[in-house]
Amino acid sequence: MRGTPFLFEGKLLSLQQLSFFCLGIGNYLSKYVMACNADFVQYVVEQCADAGEIVAKKMFGDYGIYCDGLLFGLICDNCLYVKPTDAGKTMLQEEILRAPYDGAKPYFFVLVMDDSTFFSRLVKATCDSLLESKLKGKMIKTTIFEDDYF
């Protein structure tokens, strides 16, 4: 095996195998996939706390993460996925799209969140963009509704 070896549940894994595990690649490691660790969820919440009121809600063994009541991402298998927006795309240095679970739409896969200032700005920009598109959709529906009756 190439890379630095790691011991995981009695098995010797290379750094490459560990990265495949986190990225959801490598079905041979799928039996090790587990629900989110509460410490990781708390770390994510703390890192983006400057964006607004951050709440993580447990959903099907994983977590939905909200900023001021708006769902902006998912925490699945100790990995963070943020809803893709144009604002988020311009802020990210490297855009990695991954589905958080089988059958899901791709989300931005966030590898590094050590810079809480940047991460909070990313969350805020994503939420602003999501809110703007949500309001646009409501305006279009309202306009169509009004046009139908006048």
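Trainee: How do you know whether Cys36 is buried or exposed?

Mentor: Set its value against the cut-offs: buried means under 20% relative accessible area, exposed over 50%, and partly exposed in between (1.4 Å probe, protein chains only). Cys36 has a relative accessible area of 10%, so Cys36 is buried. Keep in mind that this is a predicted model: local features need pLDDT of at least 70 and side-chain atom pairs pLDDT 80 or more, while totals for chains, interfaces and linings use all residues. Residues are numbered from 1 along each chain as its sequence is written, and side-chain values use heavy atoms, without hydrogens and water.

Trainee: What about Cys48, buried or exposed?

Mentor: Cys48 has a relative accessible area of 0%, so Cys48 is buried.

Trainee: How many disulfides are there, by the rule?

Mentor: The count is 0. A disulfide is a pair of cysteine sulfur atoms within 2.5 Å. For Cys36, the closest cysteine sulfur is in Cys76, 6.0 Å away, so that pair is too far apart for a bond. For Cys48, the closest is in Cys67, at 7.1 Å, and that is too far as well.

Trainee: What makes strands E4 and E5 a pair?

Mentor: Strands (E, at least two residues) and helices (H or I, at least four) are DSSP runs, numbered from the N terminus. Two strands pair if DSSP finds at least two bridges between them. E4 (residues 62–67) and E5 are joined by 5 bridges, so they pair, and they run antiparallel. Within this pair, Tyr63 has Ile75 of E5 as its bridge partner. The hairpin has 2 residues between the strands, and Asp68 takes a positive phi near 50° there.

Trainee: Which residue of E6 stands opposite Ile75?

Mentor: Leu80 stands opposite Ile75. E5 and E6 (residues 79–82) pair in the antiparallel sense over 4 bridges. Their hairpin also has 2 residues between the strands, with Asp77 at a positive phi near 50°.

Trainee: In what order do the strands of the open sheet lie?

Mentor: The 6 strands run E3-E4-E5-E6-E8-E7, with antiparallel pairing. E3 pairs with E4 over 6 bridges, and Ala56 has Ile65 of E4 as its bridge partner.

Trainee: What makes a set of residues a nonpolar core, and how many residues has the largest one here?

Mentor: A nonpolar core is a set of buried Ala, Val, Leu, Ile, Met, Phe, Trp, Tyr and Cys residues joined through side-chain atoms within 4.5 Å. The largest has 27 residues, and those with the most contacts inside it include Ile65, Phe72, Ile75 and Leu80. Helix H2 (38–47), E4, E5, E6, E8 and H4 each supply at least two of its residues. H4 gives the most, with 6 residues.

Trainee: How much space lies in the second largest pocket?

Mentor: About 300 Å³. Of its 15 lining residues, the closest to its centre are Leu92, Gln93, Glu94, Val112 and Phe118. Strand E8 (107–110) and helix H4 (116–149) each give two or more residues to the lining, and H4 gives the most, with 3 residues.

Technical notes. 1 Å grid on protein atoms, 1.4 Å probe; cavity = no way out; pocket = protein on both sides within 12 Å on 5 of 7 lines; lining within 4 Å. Points joined across faces, edges and corners; volume = space filled by probe spheres on them.
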